[in-house]
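Please keep the sequence and the model in view while reading.

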Amino acid sequence: MIPFPILRSNVLNIVKFLSRHRLIGAAILSVVLAAGCGPAPLGTSWAGLRVIGEEQHILVAFNDRLALVDPVDGKTVKLRNQEGEIRLDDQGNPRLWEIKQNANQFFAAPAPLDDGRLLAVTYNQVLYTIDLPTARVENGSGTPIPNHNGHIVADLLEGDGLVYAGLSSKNLLALDAEDLSVVWTAQTEHGIWSKPLLVDDVLYAASLDHYLYALDARTGDLLWKLDIEGAAPSAPAYANGRLYIGSFARKIFEISRQGQILNTYDTVDWVWGAPAVVDGILYAADLVGNVYALDTTDGLREIWRVKASEMSIRPTPLVAGDYVLVASRDQRLYWLKRSDGSMVMDNEGRPLLREMQGPIFSDILLIEPNEKTDIPGPYVIVSTLSPGQILVAYTLEQGRFLWTYSMQ
Amino acid sequence: MWDLILNPFVTVITVLYSIFGNVVVAIIIFTILVRLLMYPLNIQQMRSSKAMQALQPELKKLQEKYKNDREKLAQEQMALYRQHGINPLGGCLPLLIQFPIWIGLYQAINHALAATPLQLIDLGGRFLVGGLDHLVPLNNVWLGMDLTQPPTPPTNPVFALALPLLVLVTTWVQSKLITPPTPSGEDGQPNQAAAMTQSMTTIMPIMMGFFSLSFSVGLSIYFVVSNLFTIAQYSLQGQADWRRLLRLKKPDGEGADTVSGTARPKKPADSPARPEKKAADKTTQPKSKTQRAKPAK
């Protein structure tokens, strides 16, 4: 053991050295700054998710990978030949539906095109067309979007031969789904971080510039824009001929299709996720963990409001059966009663909630049984930021754990 | 715990943005404000450093005297510090206290600019005063540059690359100005620690310039302002050695290892440092440019 005076002497020598050589101290500080406080790494968003086809395969876009996951067992889909047999690689292992782009990052969920292809886009605006059955990238190293700066975190939207992409550089683009050329560009005053909403040839896009835009989907002409008093990082919901959107103004708006505010409701904090409107009831959550149920037939009258979590709730609440499911940054999935917002109890009389390995920001998916998806009942799929738990599946009833999908 | 530093910082940046309407002005003023708040700590650190430097000759003597008895050496060193009223931690503690503030400053700028969804979500709930929601997200474009992105094309115009260069230059100037005079050993060569310090004055600016290529433009602006503040601070206190920076010829009688000019701290007349220093000066005199030039003729 080192005697204390000697230890003290050594410490003093270090202190003296640093005192005399402030520059070295400053260099250490620089290294600390660079190592511990560097710019946020590119893992700066949550997984983009999309349910594809009747099989309800889950398309996951996260960091440098795209993968297609089978909802039945949570495994990557195996590629098959035209005869339906599983394709094998040189080592005899099954070929999997997985695409890795080491130099690129995917945050936006790809858009399925009418001809069976997928259109994926990276954070740095490189477009890839992918043959869905074979997972083959058709355009090699990708096609950059020309003449546009900025990044893409918003999911792509397809419709009538066009693909719409919101950019962080204030632009909303319509691309030709065939040749990926830019058909039109519309500009806002700040970034667009959400997938637009397409209703009857009108494109509704929410921007961080505090405005909701309505554009002609074919030409990009501005029909109207409406001040919603705060940044809006999610698209509006559409129900019963009206638009519903929350913003950082701590408000939920009911808006006519002509761009007039019909009603507003004050929330406790910022609203990020798009509201869900089911049977005339609007469900939304804010970034301090409150969940709201509002009557859209009665001027956004509050039916109930509960504090479900102590942390932010980013995803849109999932309304299914008698439940409202909300997922939070506190890494938990909560089951609430649709009637009054109280916690659902499990068979043992405890609140029904599930803990995950990472915070949850992606929207919750619902997989329902059908002829092509051999599952006994509805599943809910949650995506976390933890690569070890990119997807987790539970039964809707009682939240029984089914499987986990990782990307490690 | 970390929020105790970060939340007030983020709030102040946003309030400044609301006043001036420009995020770059907000970053500049905020950096200056924080540096002014840390000014007393800087002063204490500088004073302590100077006092420690003045004691070096005596400390060297003690090290020589008790080189085989480290316990006794430690006791004598402490006695010497007590005698001169110096806290040996006085030079280092302020630096350590400043660490979290520096990191907080850095993180606050990152958070306020909120370039990504995760950063923007993290910004929620950080404001300590109401009425700032309508400012979010801050307008992060300045002179055509996206402040949230690195300065490299294509995310930013080519002229944004001037910022890493500015970071490099201002860090270099700052390093040169604040580096204390290089003491020499008895053989006239700089000692190991001094050589290390000297090499750091070259390595650190390059390192910072290199980092700035991957940091956001907003952070580069913060680095430049912070460096300029340090330069101004040292200059106003007469601590900046512009002569050495510009490699001006030293006045006659001054050795290469000493620092000339107004910035040089005066030693007390009774300090034993003076005769030793003079001796060291003499040994290094032949290293001056004029002396070296003669044999070549």
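## Basis of the model

This is a predicted model, in which local features need pLDDT of at least 70 and side-chain atom pairs count only at pLDDT 80 or more, while totals for chains, interfaces and linings use all residues. Residues are numbered from 1 along each chain as its sequence is written, chains are lettered from A and ligands numbered from 1 in the order in which they are written, and side-chain values use heavy atoms, with hydrogens and water left out.

## The two chains

Chain A contains two helices and 33 strands. Helices (H or I, at least four residues) and strands (E, at least two) are DSSP runs, numbered from the N terminus. Of the 408 residues in chain A, 59% are buried, where buried means under 20% relative accessible area, exposed over 50%, and partly exposed in between (1.4 Å probe, protein chains only). Contact means heavy atoms within 4.5 Å. Among the contacts in chain A with a separation of 6 or more, 43% are between residues 24 or more positions apart.

Chain B has twelve helices and two strands, in the sequence pattern α-α-α-α-α-α-β-β-α-α-α-α-α-α. Buried residues form 49% of its 297 residues. For chain B, residues 24 or more positions apart supply 70% of the contacts with a separation of 6 or more.

Strands of a sheet pair through backbone hydrogen bonds, either parallel or antiparallel. Two strands count as paired if DSSP finds at least two bridges between them. One open sheet of four strands in chain A has the order β10-β11-β12-β13, with antiparallel pairing. Its edge strands, β10 (157-159) and β13 (182-187), each pair on one side only. Three bridges join β10(A) to β11(A) (residues 162-166), and Leu157(A) stands opposite Tyr164(A).

Another open sheet of four strands in chain A has the order β22-β23-β24-β25, also with antiparallel pairing. Here the edge strands are β22 (276-278) and β25 (301-307). Strands β23(A) (residues 281-285) and β24(A) (residues 290-295) run antiparallel and are joined by five bridges, with Ala285(A) opposite Val291(A).

## A buried strand and its neighbours

In strand β20(A) (residues 251-256), six of six residues are buried. In a regular strand the side chains alternate between the two faces of the sheet. Lys251(A), Phe253(A) and Ile255(A) point one way from β20(A), and Ile252(A), Glu254(A) and Ser256(A) the other way.

Strand β19(A) (residues 242-247) pairs with β20(A) in the antiparallel sense over six bridges, and Leu243(A) stands opposite Ile255(A). Strand β21(A) (residues 261-266) pairs with β20(A) in the antiparallel sense over five bridges, and Ile261(A) is the bridge partner of Ile255(A) in β21(A). The hairpin of β20(A) and β21(A) has four residues between the strands, and Gly259(A) in the turn has a positive phi of about 90°.

## A helix pair in chain B

Helix α2(B) (residues 23-37) and helix α9(B) (residues 217-236) pack at an angle of about 40°, with their axes 9 Å apart. Axes are lines fitted to C-alpha atoms, for helices over the stretch in contact, and angles run from 0 to 180 degrees between N-to-C directions. The two helices are therefore oblique to each other; angles under 35 degrees count as roughly parallel, over 145 as roughly antiparallel, 65 to 115 as roughly perpendicular and the rest as oblique. Residues of the contact include Ile28(B) of α2(B) and Val225(B) of α9(B).
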